[in-house]
Amino acid sequence: MTPPPPSDFETNKETRTMGNKIKITGGVDVGNGYVKAALRGENGKADKFDIPSGVALVTGAVDLPTPDTAAVEVVGGDIFNELDVTFASPLVGSTHRHLFGRRALKAQTPRFEEFDVVSGISKAEQSLTKVLVMGLFAGKALRDYVIEHGALPTEQLDVEVRVALALPIDEFREHRFAFAESFKHGAHLVTVLNFETPVIVRLTFVDVQVAAEGASAQFAIRQHGVALAEQLLVDVRKHGQALEGITGQDIFDATSTVGIDIGEGTVNFPVYSGAKFNGDASRTFGKGYGTVLNNSLVPLKRAGLPFNSRKALADYLLSEPSPLKRAEHAKVAAIVAEQAELFSEQVVEEFRKILAEVGRDTEVIYVFGGGSGSVRPSLHPKLLEVVPEGTPVLFLDVSYSRHLNREGLLIAASLVEDQVAAQKAKKQAPAAA
Ligand SMILES: Nc1ncnc2c1ncn2[C@@H]1O[C@H](COP(=O)(O)OP(=O)(O)OP(=O)(O)O)[C@@H](O)[C@H]1O
Ligand SMILES: [Mg+2]
């Protein structure tokens, strides 16, 4: 006897238990300054967001937990900057509560963890990288569940994670395999404490891709096609490089390129030769725009313009001054520009070493990353002095160029997912007659 078709109720029941299994695919660019993430759940929509790269560690219970009934409203907002989680994972030593994002910056705690850019410990080996990645996937799982079901889950959420991550080029060479494997061993439990009822999220990493920082951005630039190349040409011509007879298509077709990804704590130089990532010629320079800001603090203080931290200075520079404050703003900017000048000299020095290696083959230079806009006035002319004549030096606008790495990473993770799905479909398809 064939079983009766399932009633709606049964189907619902099944979806409900099945509903606790969630697949998420993501690209996460864990920067020294900011985490740039693009996480896609089963509804196909990717959440794209930034959070500062730091967590606040706090002990004790939550003082005023948010009622469960507010879950829909809270996850509809910027949950990733509000996360409050604990970990039970071989990758995280601390059992304290970890507060994320802007909430971490506001927290009253002496323990704020951020990337140690001085000691030389690899990002791959700092547990903060893992804390940030796992916390964000747990947050995304909870967000998707609550949006779909209108309430918090009553059981544990099981998440199948596919992710692409990036490491600075020097660390990529040494650590990429161990870094990817570290996620795949053991179970990782993340408990989200944002609401009265804690929610346990169990993460299983089924695929971890690791790319070199900057290289993932180059990958994304290619995906933008000829249209982006044309836009970049217009911009660079406005800045005085004539590049007569060169078209967007020429730029797009270039297979030997050097990228300059100017971040907070590092500059990565991904080199492509003959359309392939050239790991030998690519390198990381251990200073970034954050170094420029840091080095500006003492001269600013001397000039009677003190700032408490480089973050405070960064915020000030990004803000628009009122007419009365314009003169002061300009004075601050001029002092920072002097430091940017010194930094640009060092970047060009590093860049020359690469040119010495790959030299005349280089067809196009791309400059991007959060610091690229601010150092452009000093860096652009210096680069033009050292590149072979007629080589386009293209600066990508900071508004989107900070996000190129995460875009490339999401594409990389999705490609693997699609391949696996295609293989599965092939196996299941009846043999062709
Ligand atoms: N809109 C913006 N938001 C945040 N930071 C910005 C912005 N525009 C410029 N910046 C500057 O860009 C820097 C951060 O750049 P980016 O996010 O590329 O670095 P990162 O990837 O975190 O660092 P790294 O690549 O060294 O690991 C900061 O120093 C900041 O001052
Ligand atoms: Mg970066």
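Predicted model: local features only at pLDDT ≥ 70, side-chain atom pairs only at ≥ 80, totals over all residues.
Residues are numbered from 1 along each chain as its sequence is written, and chains are lettered from A and ligands numbered from 1 in the order in which they are written.

The domain assignment divides the protein into domain 1 (19–212) and domain 2 (216–402), the bounds coming from an automatic or database domain assignment. Taken over C-alpha atoms, the centres of domain 1 and domain 2 are separated by 30 Å. To the contact between them, domain 1 gives 13 residues and domain 2 gives 16 residues, two residues being in contact if their C-beta atoms, placed from the backbone, lie within 7 Å. On the side of domain 1 that touches domain 2, the elements that give two or more residues are helix 5 (169–184) and strand 10 (199–212); here helices (H or I, at least four residues) and strands (E, at least two) are DSSP runs, numbered from the N terminus. Helix 5 supplies the largest share of this side, 3 residues. By class, the side of domain 1 that touches domain 2 consists of 7 nonpolar, 3 polar and 3 charged residues, where Ala, Val, Leu, Ile, Met, Phe, Trp, Tyr, Cys and Pro count as nonpolar, Asp, Glu, Lys and Arg as charged, and the others, Gly among them, as polar.

Ligand 1 is surrounded by 18 residues, of which the closest are Gly31, Asn32, Gly33, Gly263 and Gly370; a residue is near a molecule if its C-beta atom, placed from the backbone, lies within 6 Å of it. Divided by class, this shell holds 4 nonpolar, 11 polar and 3 charged residues.

Helix 11 (residues 326–358) and helix 12 (residues 372–386) pack at an angle of about 35 degrees, and their axes are 9 Å apart. The axes are lines fitted to C-alpha atoms over the stretch in contact, and angles run from 0 to 180 degrees between N-to-C directions. The crossing of helix 11 and helix 12 is right-handed, that is, the near helix is turned clockwise from the far one by less than a right angle. On the helix 11 side the contact includes Ala337, Ala340, Phe343, Val347, Phe351 and Leu355, and these belong to a set that meets residues of helix 12, including Val375, Pro377, Leu379, Leu383 and Val386. The residues of this contact divide into 12 nonpolar, 3 polar and 4 charged.

Helix 6 (residues 215–223) is largely enclosed by the rest of the structure, because 7 of its 9 residues are buried. A residue is buried if 20 or more other C-beta atoms lie within 10 Å of its own, exposed if 12 or fewer, and partly exposed in between, with C-beta atoms placed from the backbone. The buried residues of helix 6 are Ala215, Ser216, Ala217, Gln218, Phe219, Ala220 and Ile221. Just after helix 6, Gly225 takes a positive phi of about 75 degrees.

Leu243, in the loop between helix 7 (225–238) and helix 8 (248–253), has a positive phi of about 50 degrees, and Leu243 is partly exposed, with 16 other C-beta atoms within 10 Å. Ala275, in the loop between strand 13 (271–273) and strand 14 (276–277), has a positive phi of about 70 degrees; with 11 other C-beta atoms within 10 Å, Ala275 is exposed.

Val74 of helix 2 (residues 71–76) is partly exposed, with 18 other C-beta atoms within 10 Å, and, not counting residues up to four places away in sequence, Val74 touches Thr66, Ile79 and Asn194. The C-alpha atoms of Val74 and Asn194 are separated by 9.1 Å, although the two residues are 120 residues apart along the chain. Asp235, which lies in helix 7, is partly exposed, with 14 other C-beta atoms within 10 Å, and its C-alpha atom is separated by 9.0 Å from that of Leu396, 161 residues apart along the chain.
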